[in-house]
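Subject: The structure I promised you

Hello! Here is the structure we talked about, so please open it and have a look around before you read my notes.

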Amino acid sequence: MESNLLNRQIDDIVETVLSETSGDVYMVNPSWDAIEDFVSVATAYDGDLPMVHMLADERTLKDVMDDFIVASNAADLIDEDALALRTLEETPENSLLVTEDAVVAIVHAADRVGGLVSDDDEFVQATMDTYADRWEDAEAFNLRTPPITRVRETLSDEISPDAEEDFTAILGSLETARGDGEGLDEVTISLLVAARNEALLYDISKWGEDVGIASKATFSRTKTKLEDMGLIDTEKVPIDVGRPRLRLKIGDDRLAEADNGQLATVAQSMLT
């Protein structure tokens, strides 16, 4: 590793560290941006990832993981044993990347970022030991978002391959998908995809609850909101026993005519 990593972006520094270590990595007190950048870099990384132990402020982790795109990719990394999340009770002054060979302190100066590197053996070992001990005492962070790979596979199996393709395309056109009640979150996207493919509300909400996206009640409430706003429509489908089920349909010509790349933009404009 270079003696210092100057005039870089955080993702450059993260990628350098991941590519130059094969042992455990401790990512200590990362900022919001650093967590997002790590997940993005690690998800796209072409090679064997080291195991990253992320020790982060709980509030920061919660805020970042409210974005379904970040959280579902982080869940994939956890499933691959490339990431584990725990929370810090007392945050250190610095943000650090600690490997078996080096300690990298992340320093922000205006719009510039640098990684100040120390490879002194005694210092590196002492730092590694310190954060290994803190890791053992730290509380695990409960990431409830399902892995994106599982979401896509089950959506394809239980709804349709076309629905999965639409879901993936919409996510790919978004910078964030936050469940804050505004704009496009994972439940809204799922319902729009279901309506585009004329799936049953029962099927998409059961899938969403089973895979861990949200409860059937949340899907029902969001469906009502989208229907009231004219984004989706429903028609009753009789069944042999019990109440008719509802088939979801696109309720606005602007959405019906939009391709996958435009669907998110059109829906966002109608929701705001």
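Below is what I found, starting with the whole chain and then moving to a few places within it.

First, how to read it. This is a predicted model, in which local features need pLDDT of at least 70 and side-chain atom pairs count only at pLDDT 80 or more, while totals for chains, interfaces and linings use all residues. Residues are numbered from 1 along each chain as its sequence is written, and side-chain values use heavy atoms, with hydrogens and water left out.

**The whole chain**

The protein chain has twelve helices and ten strands; these are DSSP runs numbered from the N terminus, with helices being H or I of at least four residues and strands being E of at least two. Along the principal axes, its C-alpha atoms fill a box of roughly 75 × 35 × 30 Å. Of the 272 residues, 47% are buried. Buried means under 20% relative accessible area, exposed means over 50%, and partly exposed is in between, using a 1.4 Å probe and protein chains only.

Among contacts with a separation of 6 or more, 68% join residues 24 or more positions apart; a contact means heavy atoms within 4.5 Å. The accessible surface comes to about 13900 Å², and 40% of it belongs to carbon and sulfur atoms. These areas come from the Shrake-Rupley method with a 1.4 Å probe, and for residues only the protein chains shown count as cover.

As for charge, there are 22 positive and 60 negative side chains, and the centres of the two sets lie 13 Å apart. Lys and Arg count as positive and Asp and Glu as negative, leaving out His and the chain ends. Each charge is placed at NZ of Lys, CZ of Arg, CG of Asp or CD of Glu.

Strand β4 covers residues 83-88, and five of its six residues are buried. Which strands does β4 pair with? Strand β3 (residues 52-57) pairs with β4 in the parallel sense over six bridges, and strand β8 (residues 139-140) pairs with β4 in the antiparallel sense over two bridges. Two strands pair if DSSP finds at least two bridges between them.

T87 lies in β4 and has bridge partners in both pairings: A56 and E139. T87 counts as buried because its relative accessibility is 12%. Leaving aside neighbours within four places in sequence, T87 is in contact with L55, A56, E58, L61, A138, E139 and F141.

Is helix α8 (residues 186-196) mostly covered or mostly open? Helix α8 is mostly covered, with ten of its eleven residues buried, including V187, T188 and L191. At its start, a side-chain oxygen of D185 reaches to within 3.2 Å of the backbone nitrogen of V187. After α8 comes E198, whose phi is positive, near 50°.

T222 sits in helix α10 (residues 216-228). T222 is buried because its relative accessible area is 14%. Beyond its neighbours within four places in sequence, T222 is in contact with V187, T188 and L191.

**A loop residue**

Last, find G47 in the loop between α2 (32-44) and β3. G47 counts as partly exposed because its relative accessible area is 44%. From G47 to T127 there are 80 residues in sequence and 27 Å in space, C-alpha to C-alpha.

Enjoy exploring, and write back with any questions!

Conventions. A polar contact is a pair of N or O atoms within 3.5 Å; within protein, one must be able to donate a hydrogen and the other to accept it, and residues adjacent in sequence count only if both atoms are side-chain atoms.
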